[in-house]
Amino acid sequence: MTMLIPLGICMISMAIIFFELPKLKKGGTKLTWTFSILLVMGTSLNIAISLNAIIISPLEAIMYIFQPVSDFLKETLLNKKNL
């Protein structure tokens with residue numbers, strides 16, 4: 001039963017490709033590649049979600065990068081001992 005959902009997602013993606021790709025070929029190579037990459041990303045994420053996979057939020061990476069900067073700014077700007 002659990003494999004039916006990813007199979008359905010793949011079938012829907014194939015249907016989207018079947019109907020949209022002929023129209024996109026008229027738009028150029030960049031448009032076709034962009035559509036393909038976004039469709040693969042969306043299909044992959046939906047399959048992962050349907051299989052209850054753990055997906056890391058991009059917000060955690062952003063917080064990891066900017067948290068030291070935030071702490072530094074809080075200490076330097078809000079520390080009243082320096083005034």
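Helices here (H or I, at least four residues) are DSSP runs, numbered from the N terminus, as are strands (E, at least two). You're working with a predicted model, where local features need pLDDT of at least 70, side-chain atom pairs count only at pLDDT 80 or more, and totals for chains, interfaces and linings use all residues. Residues are numbered from 1 along each chain as its sequence is written, and side-chain values use heavy atoms, with hydrogens and water left out.

**Exercise 1.** Work out how Thr32 sits in the model.

*Solution.* Start with its place: Thr32 belongs to helix α2. Next, check accessibility: the relative accessible area of Thr32 is 16%, so Thr32 is buried (under 20%; exposed is over 50%, partly exposed in between; 1.4 Å probe, protein chains only). Then look for partners. A polar atom of the Thr32 side chain lies 2.9 Å from the backbone oxygen of Gly28. Setting aside neighbours within four places in sequence, Thr32 is in contact (heavy atoms within 4.5 Å) with Leu21, Leu24 and Lys25.

**Exercise 2.** Find which helix has the highest mean pLDDT among the elements.

*Solution.* pLDDT is the predictor's confidence in each residue, from 0 to 100. The protein chain has a mean of 89, with 94% of its residues at 70 or more.

Note on methods:
Polar contact = N/O pair within 3.5 Å; in protein donor to acceptor, adjacent residues only side chain to side chain.
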